[in-house]
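Me: I'm new to this one, so let's go through it together. Could you put it up on screen?

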Amino acid sequence: MAEETTPPGPPPPAAPPQAPAAVAAAAAAAAEGPGPQEVKIKVRKPKQRSCDEKDAKGKLCAGHLKRWYDYPDEVENKIGKDAEIYRCEFCKTLYKPDPKQMPHSYTLRY
Ligand SMILES: [Zn+2]
């Protein structure tokens with residue numbers, strides 16, 4: 001059993017040293033219930049630069065994915081603080097970077 005199983009989502013890069021239960025409970029309370037603006041978060045495919053969401057008619061969105069820095073608390077609760085996130089300029093779908101595409105510092109040499 002040496003094979004590595006990939007979890008559905010990458011773990012947060014750095015867990016906060018302390019997570020007050022009150023904050024977690026508040027976040028959970030905020031998360032449940034029908035939210036009119038449920039944030040959709042997808043994972044970018046390698047080299048993906050445009051949105052591949054389709055609307056109700058099946059039309060490709062193809063919006064440009066832009067790095068998003070000043071996301072609100074509700075998003076921060078889902079992806080963590082200072083996370084790398086991209087957002088479609090049209091449908092506002094969020095994209096996390098591909099975990100396999102995380103920046104590594106090794107260089108390719110022949
Ligand atoms: Zn889009």
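Me: How many salt bridges does the structure hold?
Reply: Keep in mind that this is a predicted model, where local features need pLDDT of at least 70 and side-chain atom pairs count only at pLDDT 80 or more, while totals for chains, interfaces and linings use all residues. Residues are numbered from 1 along each chain as its sequence is written, and side-chain values use heavy atoms, with hydrogens and water left out. A salt bridge here is a side-chain nitrogen of Lys or Arg within 4 Å of a carboxyl oxygen of Asp or Glu. Going by that, the structure's count of salt bridges is 5.

Me: Which residue does Lys-40 form a salt bridge with, the closest N and O atoms being 2.8 Å apart?
Reply: Lys-40 sits in the loop between helix H1 (21-31) and strand E1 (41-43), and its partner is in the loop between E1 and strand E2 (65-67), so the pair ties together parts 13 residues apart in sequence. (Helices, H or I, at least four residues, and strands, E, at least two, are DSSP runs numbered from the N terminus.) That partner is Glu-53.

Me: Is Glu-53 buried or exposed?
Reply: Buried means under 20% relative accessible area, exposed over 50%, and partly exposed in between (1.4 Å probe, protein chains only). Lys-40, at 41%, counts as partly exposed. Glu-53 has 14% relative accessibility, so it counts as buried.

Me: Which residues are linked in a network of salt bridges?
Reply: Lys-42 pairs with Asp-52 at 2.8 Å, N to O. Lys-42 also forms a salt bridge with Glu-53, at 2.6 Å between the closest N and O atoms. The network is made up of Lys-40, Lys-42, Lys-45, Asp-52 and Glu-53.
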